[in-house]
Every structure is written in C-alpha cells, then in structure tokens.
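Let's take a walk through this structure, one piece at a time. Keep the 3D view open while you read.

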Amino acid sequence: MPNTTAPIARLDGVIKTYGRLTALDGADLQIRRGELLALLGPNGAGKTTAIALLLGLIRADSGKVELFGQDPQRIDARRRIGVMLQNAALPPTLRVNELLRLTASYYPSPRPLAETAELAGIGELLSRPYAKLSGGQQRSVQFALALCGRPELLFLDEPTVGMDIEIRHKLWAAIRQLIAEGCSVLLTTHYLEEAEALADRVCVMAHGRMIHEGMVEALRSRVSLKRIRCVSALDVELVRSWKHVTDVRRDNERLHVTTAEAEAVVRRLLDADAQLSELEVQRAGLAEAFTELTRDADQSSTTHQREAA
Amino acid sequence: METVLSTDDSVRASAMPWQRVLGAYGAEARSECLRYLRAPGFILPMLLFSTVFYLMFGVLLNHGEASRYLLASYSAFGIIGPGLFGFGVSLAIERDGGLLTLKRALPMPPGAYLLGKMVMAMIAATIVSVLLLLIGVFLAHVSLSVTQIAKLMLTGAFGVLPFCALGMFVGTLIKGQGAPGLLNLIYLPMAFLSGLWLPLTMLPQVLQKIAPIWPSYHLNQLTLAAVGLNNGALLPHVLALMGYTVIFLLLAVRQLRRVG
C-alpha cells in the first residue's frame, strides 16, 4: 500500500466512557493526507471526545488511536499538528505578535510571523493586546496560532462561530490555501453550508458512532428529496394535500415545495397553475441529508434500547 | 512495511533541535512574566500586602530589633503570596477558560507550563524581598550585612516553591473565580498560626506546639536565620519545605490526571 493513502490520523474501534455515559461506542475515523474531512453530528454525538482522543487530551478505554502512526500523547506526533479549539481564553494582556511568537516556539520549523499573519488576515492586529480584540478577531488570532507551526494536520473545532460573513469567507479562503499546500484538515462545524463549501469527505456521527462516511456528493445523493421553487399563486394547503409532497412553504410570491417525486409534482403544479413561472428544481442539500441520517440513527437507537429492555 | 515508513516519516518531521526546545521553555517563561506584570490587579495585591504591613508595624509602630524581627516574618508572609496566588489563581482560571487544554494539545514541551509559572513566582517573590529590604534598611534602619541581604533574597527566591506547589494543588481543586477566596482562607490563617503576624510566643501554648505543621513556619525560621535571629539548625526546615513541595506536587499531578 503506498504511503500517501495511509491515514495520517485514525480511530479504530474506540470506546470511551465517562462513568455511565458512553461517549464513543466503537468509533472509526481515518484522515488522509491533503484532504478536508468534516466531522458532523448533533450535540452529544461524540465529536468533541473523538477530537480530544486524537489530540492526546484523554485516553481511550479500548481501541486504537493514532496520530502519524504514533500515540497522540507523544509530543513528536503533536509537533505536526495545529489546533484551534472551540473555546480557549488566551492571556488577555499579551499582544497578538507575542502570542504568535510563543506558539511558534513550540514547533521545529514554524512559518515566519509575517506569513502567518498574512494568511490568517490579522496583519493589522499584531501589536494589539488580545483582550482589546472583537470576538471575531480573537477567533482569527486563534486560527493564526493553529497554522503558525506549518502543521501537516489542522484540527479546527467550530472555527467560524462568532465570525461575521466577511471574516468567515476569508477564513475559508485561507483553509483552501492550506489544503492546496498539502495540509490536511479535520473540521467540526454546525454550519452544514461550511462543510459543503470546504469538505472533500464528511463523516456523520450519532450516539458515539460513525453512521455515515463518504464524499459530500455521495451523501447528498443518498437523500432522495428535491426542492422545487416557483412563482405561483397556488394555495399552500392545497399543494400540501397532494401525494408525494413532504413540505410546502410560501415566501412572498414564491412557493417552496420539498418532495421525493419531483417529476410528478412539477407536472401537477404546471397543470394547476397556467401562470406558474421561474420554475427551479434542485437536489436537497447537505442539511436535509444530515437531518434524515441523524433521524434514522435516532430511530434505530431507540429500537435498539427497546429490544435490549 | 507501513510501520517502517511511518517511523522514518516521524523522525524527519519531528526533529526539533535542542536549542529550539530550550527556546520554547524561555518563550513560555517570558510570556508568563509579561502577562502578569501587565496585570496590576493581579500583581499589586501580592506586592502591597506585606510591604504596607511592614511599613505600619515595622517602621511606624516599632523600632530597632522589633523591626529586624518583623522584616523576617513579613518577608516570609510576602514570599508566600506569589506562590499561592501566582500558581493557584492562574491555574484555576486557565483550567476554566480552556487555555490549559489548548496548551496540552499543542506541542508545548512538557513542564514548560509549570516552569514558566515558577519563574514568574520566583521573580515576584524576589521583588517582594527587595521592597521589604529597602524599607527595612532605609526606613526602619535595620543594619544588615551584604551576606544577610543575599541570604534573605535567596530564601525568597527558593522559599516560594513549596507554596507554588500548594497553590497548584488548590488550583486543581477549584475552577475559575472561586480560587482567590479559597486561597485567602489558607493564606491568612496559616500566616497567623505560624507566627508571621504576631510572634509565636504571644499565641496560646497549643498553637505554639502545632506551629511546625505549617510550611510557613519553616519558611519563617529560614528568614529569621537570614537576618541573624535564629542560630538553630536550618537543615530540618529546608527538608520540611522540600517535603511539602514534593507532597503537594504529587497531589496536584494526581488531581490533574483525574480532572484535567
């Protein structure tokens, strides 16, 4: 097997419990070189535990955890990663350049400070004390700290929470540039739009397990639902009563219909309203796919419990 | 085959020259000092507590040998502060705010975090010693030899360490803003019970008897010796302080392993 396709980080059948709570229940995860893997799942699915294991913050009860083929608790393995956690209150009185210099000192061959600042878009902030920055700027600084060591694998845990749209898009551009340089990224996010914009692969977790792993396109196509949009005067309740229609909603003169049988519903729409215009049909997005997947997992897990009881 | 490849790989990428590792320790200590020296709300109470007491009781209300005695006891009192609060408060807050978690995830050299805080506490303790010495020599007119001054400063710089360990242990027991309150509950009674405010001989017999169980008592014996007021053996006190350091450090490490 060529080394390039071997995973650079992986969980293999990992179980982790906190007292009676099972956070991970046989979790498997592989991150390959140069890819962006989005780890998705509702709160409590086990994402944070999975990341904590890969960062060496906690130990697994059983199963295998590897970072560059080593135990993540070894500093050698961690010298090749960059980390941006969900919440980290950095020293408020230190200036941005001091924070960058400190974090860069942990790495064997860090990026020059100016390059890091440029990439993270914080060139203007270097001499400002951290406490004087806005929430979005603080997140940008944390992102800069994550990439300053020239990591081969970047952990980004909800990186864009608290960022406005402009800063968020800058961060996305920076992430794309890092991936182009060959860096791998493990991203967790609540914004499915973010996963859709950046990820090569997604891994969906629920109840401590991976319930789906695959390319973004493949996940989207698993969902049979389509979205129909058109300008029409038809009554919402009338359309809702039609066969195959899962949801209808009106947005001014525009009608939004969700259905598994787009062709049949479109035909009926056209028949019912001769004035209908601006017709569009789209495959449902990651958001719908995600909702459907996790709902299935919830159902199967409750059946499981019922069987066990 | 895969194992061989990944081993080669890791050797290549993780080679960190020792100069850079040393640099990381230095950078950590420098940041730790800078951040707290820039936080007056944190540093001033540590410096002012003992100096103001000494000005009141050692300069305004007492003279001569009493000033010498009080220089020793307020030095001990002042040295304990940076250890307890420098370690305890910052650890409790950094555990709460997620900074410790981030540092553990980053490839920070092991020990750099604690060493950084230790250096900060030693510098703050030295500043306290110098301030008290200045007041003692120039305002209270306590006559001290250069050796005595050096001994007192040395006691300050190293005497802070057992209290760093105690502060660290307390910092592992409590998270966030509750730490200063708990630390004061230890700091003030302990100082009183080991004779740092009133000479031990003025306390009830039973309190005099149990005074040696407090680490601050042993530190006070060393500061008294430094200014020439204790001719007894010093080794037992040094050993007692080292023992406390080890015990609190082990307790803290055990607690950190358990709660993170």
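Start with A:E98 and B:R38, which form a salt bridge whose closest N and O atoms sit 2.8 Å apart. The term means a side-chain nitrogen of Lys or Arg within 4 Å of a carboxyl oxygen of Asp or Glu. Between chain B and chain A, the count is one salt bridge.

This is a predicted model, so local features need pLDDT of at least 70 and side-chain atom pairs count only at pLDDT 80 or more, while totals for chains, interfaces and linings use all residues. Side-chain values use heavy atoms, leaving out hydrogens and water, residues are numbered from 1 along each chain as its sequence is written, and chains are lettered from A and ligands numbered from 1 in the order in which they are written.

## Where the two chains touch

The contact (heavy atoms within 4.5 Å) takes 33 residues from chain A and 32 residues from chain B. About 3100 Å² is buried between the two, with carbon and sulfur atoms giving 60% of that. Buried area here is the accessible area (1.4 Å probe) that two parts lose on being put together, summed over both.

There are also 13 residue pairs in polar contact between chain B and chain A, both residues being at pLDDT 80 or more. That takes a pair of N or O atoms within 3.5 Å; within protein, one must be able to donate a hydrogen and the other to accept it, and residues adjacent in sequence count only if both atoms are side-chain atoms. On the side of chain B that touches chain A, α1 (2–14), α2 (18–37) and α5 (99–105) of chain B each supply at least two residues. The most come from α2(B), with eight residues.

## Chain B and a helix pair

Chain B has twelve helices and zero strands. These are DSSP runs numbered from the N terminus (helices: H or I, at least four residues; strands: E, at least two). Its C-alpha atoms fill a box of roughly 80 × 35 × 35 Å, taken along the principal axes.

Now find α8 (residues 161–173) and α9 (residues 179–193) of chain B: their axes come within 10 Å and cross at roughly 145°. Axes are lines fitted to C-alpha atoms, for helices over the stretch in contact, and angles run from 0 to 180 degrees between N-to-C directions. Which residues of α8(B) and α9(B) meet? B:F163, B:L166, B:G167 and B:V170 in α8(B) meet B:L182, B:L183, B:I186 and B:M190 in α9(B).
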